[in-house]
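The following exercises concern a single protein structure.

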Amino acid sequence: FASACGDVIRSSDTVGRLGGEEFLVVLPGMQPAEFADWFERLRDALRNRAIPGLPEAFRLTCSAGCARIVNGEPVEDALRRADEAMYRAKEAGRDRLMLAD
């Protein structure tokens with residue numbers, strides 16, 4: 001997953017593992033209208049990446065929640081909203097992006 005992120009992030013972006021199978025991607029300056037296109041590039045990078053030691057047909061998928069920090073809100077609040085959106089993405093069928101409220 002981290003390698004696929006490396007294919008699509010900009011030099012100003014940051015990727016980090018939060019724990020387990022959860023990652024945080026910080027995309028400074030990106031507008032909400034750009035999130036879906038970025039996420040599709042990430043999904044393509046995942047689909048096109050063979051995983052060593054696994055069957056050729058095996059591909060990673062990604063469910064994501066996206067939140068924009070607004071009006072100087074605490075980062076923790078934005079992370080909570082992104083986490084809630086990610087769980088909505090999983091409940092809606094996985095391998096998709098949901099934007100936070």
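The model is predicted, so to speak of local features requires pLDDT of at least 70, side-chain atom pairs count only at pLDDT 80 or more, and totals for chains, interfaces and linings use all residues. Residues are numbered from 1 along each chain as its sequence is written, and side-chain values use heavy atoms, with hydrogens and water left out.

**Exercise 1.** Determine which rings form the aromatic pair and how the pair is classed.

Solution. Step 1: rings of Phe, Tyr and Trp (its six-membered ring) pair if their centres lie within 6.5 Å; planes under 30 degrees apart count as stacked, over 60 as edge-to-face and the rest as tilted. Step 3: the ring centres of Phe1 and Phe23 are 4.6 Å apart and the planes stand at 35 degrees, so the pair is tilted. Step 4: Phe1 lies in the segment before helix H1 (2-8) and Phe23 in strand S2 (residues 22-26), so the pair ties together parts 22 residues apart in sequence. Helices (H or I, at least four residues) and strands (E, at least two) are DSSP runs, numbered from the N terminus. Step 5: relative accessible area is 26% for Phe1, which is partly exposed, and 31% for Phe23, also partly exposed. Here buried means under 20% relative accessible area, exposed over 50%, and partly exposed in between (1.4 Å probe, protein chains only).

**Exercise 2.** List what Leu42 touches and what Val25 is in contact with, leaving out residues up to four places away in sequence.

Solution. Step 1: contact means heavy atoms within 4.5 Å. Step 2: Leu42 touches Phe1, Ala4, Cys5, Val8 and Cys62. Step 3: Val25, in strand S2, is in contact with Cys5, Thr14, Val15 and Trp38. Step 4: Val25 counts as partly exposed, at 24% relative accessibility.

**Exercise 3.** State how the residues lining the largest pocket divide into nonpolar, polar and charged.

Solution. Step 1: Ala, Val, Leu, Ile, Met, Phe, Trp, Tyr, Cys and Pro count as nonpolar, Asp, Glu, Lys and Arg as charged, and the others, Gly among them, as polar. Step 3: the lining divides into 25 nonpolar, five polar and seven charged residues. Step 4: H3 (75-91) gives the most to this lining, seven residues.

**Exercise 4.** Locate Asn71 and Asp95, and describe their exposure.

Solution. Step 1: Asn71 sits in the loop between S3 and H3, and Asp95 in the loop between H3 and strand S4 (97-99). Step 2: Asn71 is exposed, at 83% relative accessible area, whereas Asp95 is partly exposed, at 21%.
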